[in-house]
Amino acid sequence: MNKAAGEKPIIRIAGLTKSYGAGSGGKTAPRLVLNGVDLTIARGEFHVFLGWSGCGKSTLLSIIAGFIEKTDGSVAVDGEEVRKPGFERGVVFQNADSAIFSWLTVQKNVEYGLRIRHVRGGERKETVKRCIELVGLAGHEKKYPHELSGGMKQRVQIARSLANNPKILLMDEPFGALDAQTRKSMQNELISVWRATQKTILFVTHDIQEAVYLAQRISILSRAPNAKIMRTIEVPFPYPRDLAKPEAAAVVQGIEALFAVEYKT
């Protein structure tokens with residue numbers, strides 16, 4: 001699904017390294033976070049970066065987003081090296097309260113990027129309407145963030161990103177702060193959005209079951225420091241998925257076994 005034969009990958013990562021500088025006076029060696037990350041991601045793919053907290057997966061996503069600079073290697077989107085943020089890469093953060101504007105309504109939040117880009121009023125109105133409906137927020141356009149639940153705030157983030165029509169949606173543990181029931185609902189909502197829009201999605205999580213439920217492919221990062229992708233696995237099951245089925249449970253258990261070896265203390 002979503003992988004055209006022979007199509008060039010939308011993202012190509014080669015020899016990616018990220019380290020943070022030496023201490024005062026050069027007495028401390030640079031701290032190597034990522035070391036030698038190689039990966040290609042197909043257009044329209046739902047790809048999950050999985051690993052324990054602190055393994056560098058959010059750093060990897062931030063480099064792809066253009067928020068932080070790599071130390072070495074290459075990260076290219078459609079053949080163009082990533083050097084700064086761009087509208088073709090929409091970002092959804094874990095903390096919606098700090099990401100959306102508290103003084104703007106749902107509608108004004110969603111259209112914010114379109115206003116910055118000077119999109120004309122008629123087109124802007126139609127785009128905002130479509131994106132709000134897509135994420136299930138129709139009827140809530142005039143509400144302010146303090147009137148919304150946690151899941152609804154994340155829907156606002158997703159709608160705002162989609163309104164800019166990005167090629168890629170970058171999501172950094174967007175459901176990590178939600179309760180279990182809301183999280184499951186948002187996972188299903190995201191799958192529906194992905195299938196409707198055919199966007200490329202990169203999703204960061206430390207939750208194995210969430211990764212298996214969502215992803216077409218999962219890249220598992222080794223422990224930090226000096227982290228790299230130790231394995232990328234296919235998840236071949238159709239959507240919607242039932243993790244209680246033996247074949248899905250076997251994938252979860254296999255990843256748990258990898259974690260038990262790689263992250264043992």
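**Values and their definitions**

Reader: Why is A250 called partly exposed?

Author: The relative accessibility of A250 is 42%. Buried means under 20% relative accessible area, exposed over 50%, and partly exposed in between, with a 1.4 Å probe and protein chains only. A250 therefore counts as partly exposed. This is a predicted model, in which local features need pLDDT of at least 70 and side-chain atom pairs count only at pLDDT 80 or more, while totals for chains, interfaces and linings use all residues. Residues are numbered from 1 along each chain as its sequence is written, and side-chain values use heavy atoms, with hydrogens and water left out.

Reader: Where is A250 found, and how far apart in space are A250 and G79?

Author: A250 is in helix 9, where a helix is a DSSP run of H or I with at least four residues, a strand is a run of E with at least two, and both are numbered from the N terminus. A250 and G79 are 171 residues apart in sequence, and their C-alpha atoms are 37 Å apart in space.

Reader: What makes E210 count as buried, and with which residues is E210 in contact?

Author: The relative accessibility of E210 is 3%, which is under the 20% limit, so E210 counts as buried. E210 belongs to helix 8 (residues 208-214). Apart from neighbours within four places in sequence, E210 is in contact (heavy atoms within 4.5 Å) with F175, R183, Q187, F203 and T205.

Reader: How do you know that R217 and E45 form a salt bridge?

Author: A salt bridge is a side-chain nitrogen of Lys or Arg within 4 Å of a carboxyl oxygen of Asp or Glu. For R217 and E45 the N to O distance is 2.7 Å, within that limit, so the pair qualifies. The two residues are 172 places apart in the chain, with R217 in strand 9 and E45 in the loop between strand 2 (31-41) and strand 3 (46-50). Both R217 and E45 are buried. Across the whole structure, a search finds 13 salt bridges. Side chains of opposite charge can pair when their charged atoms come close.

Reader: What makes K70 and E81 a salt bridge, and which parts does the pair tie together?

Author: The closest N and O atoms of K70 and E81 are 3.0 Å apart, so the pair is within the limit of 4 Å. K70 lies in the loop between helix 1 (57-65) and strand 4 (72-77), and E81 lies in strand 5 (residues 80-81), so the pair ties together parts that are 11 residues apart in sequence. K70 is partly exposed at 23%, and E81 is partly exposed at 25%.

Reader: Which residues line the largest pocket closest to its centre?

Author: F87, V91, R160, S161 and N164 are the closest to the centre, among 19 lining residues. The elements that contribute two or more residues to the lining are strand 6 (89-92), helix 4 and helix 6 (150-163).

Reader: Which peptide bonds are cis?

Author: The bond from A224 to P225 is cis, with omega near -5°, and P225 lies in the loop between strand 9 (217-221) and strand 10 (229-234). The bond from Y239 to P240 is cis as well, with omega near -5°, and P240 lies in the loop between strand 10 and helix 9 (246-262).

Methods:
1 Å grid on protein atoms, 1.4 Å probe; cavity = no way out; pocket = protein on both sides within 12 Å on 5 of 7 lines; lining within 4 Å.
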